[in-house]
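Colleague: Please show me the chain, and let us then go through its architecture.

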Amino acid sequence: MENEQIIDGNSCVSLIPGLVIKEEPDNWAILYNPEDGLSFGINPVSVVIMNHLREKPKAIVNDLAVAVKNAFQSAPDGVEKDIIIFLKKLIEFRPLPAFR
């Protein structure tokens with residue numbers, strides 16, 4: 001990937017303005033980017049991450065891991081790696097404009 005960004009536990013992330021997150025009754029959600037019309041579904045763990053980003057617009061990856069561990073007691077050690085994979089997918093979708 002030509003625009004590969006280095007993301008680690010100390011990276012700061014934020015959502016693009018206008019991103020729509022429609023939560024479903026089964027705790028899944030649809031992300032919709034009205035800027036380009038792209039949308040996709042996310043699972044309950046990803047919903048926790050996105051809600052944390054909505055509540056705290058500039059979040060550190062390690063803080064997202066704490067939020068996931070608080071919501072899901074079965075979250076494995078090293079969940080940060082899974083969160084980073086998810087965040088990289090979001091970069092492709094463009095709801096995360098940049099990491100710092």
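Colleague: What percentage of the 100 residues of the chain counts as buried?

Modeller: This is a predicted model, in which local features need pLDDT of at least 70, side-chain atom pairs count only at pLDDT 80 or more, and totals for chains, interfaces and linings use all residues. Residues are numbered from 1 along each chain as its sequence is written, and side-chain values use heavy atoms, with hydrogens and water left out. Buried means under 20% relative accessible area, with a 1.4 Å probe and protein chains only. Of the 100 residues, the buried share is 40%.

Colleague: In what order do the secondary-structure elements of the chain run?

Modeller: Helices (H or I, at least four residues) and strands (E, at least two) are DSSP runs, numbered from the N terminus. The chain has three helices and five strands. From the N terminus, their order is β-β-β-β-α-β-α-α.

Colleague: Is Asn33 buried or exposed?

Modeller: Asn33 lies in strand E3, residues 29-33. Its side chain reaches the backbone nitrogen of Glu35 at 3.0 Å. Because its relative accessible area is 2%, Asn33 is buried.

Colleague: At what angle do the axes of helix H1 and helix H2 cross?

Modeller: Axes are lines fitted to C-alpha atoms, for helices over the stretch in contact (heavy atoms within 4.5 Å), and angles run from 0 to 180 degrees between N-to-C directions. The axes of H1 (residues 44-55) and H2 (residues 61-71) come within 9 Å, and their crossing angle is roughly 130 degrees.

Colleague: Which residues of H1 and H2 make the contact?

Modeller: On the H2 side, the contact is made by Asp63, Leu64, Ala67, Val68 and Ala71. The H1 residues are Val45, Val48, Ile49, His52 and Leu53.

Key: Buried < 20%, exposed > 50% of the residue type's maximum accessible area, 1.4 Å probe, protein only. Polar contact = N/O pair within 3.5 Å; in protein donor to acceptor, adjacent residues only side chain to side chain.
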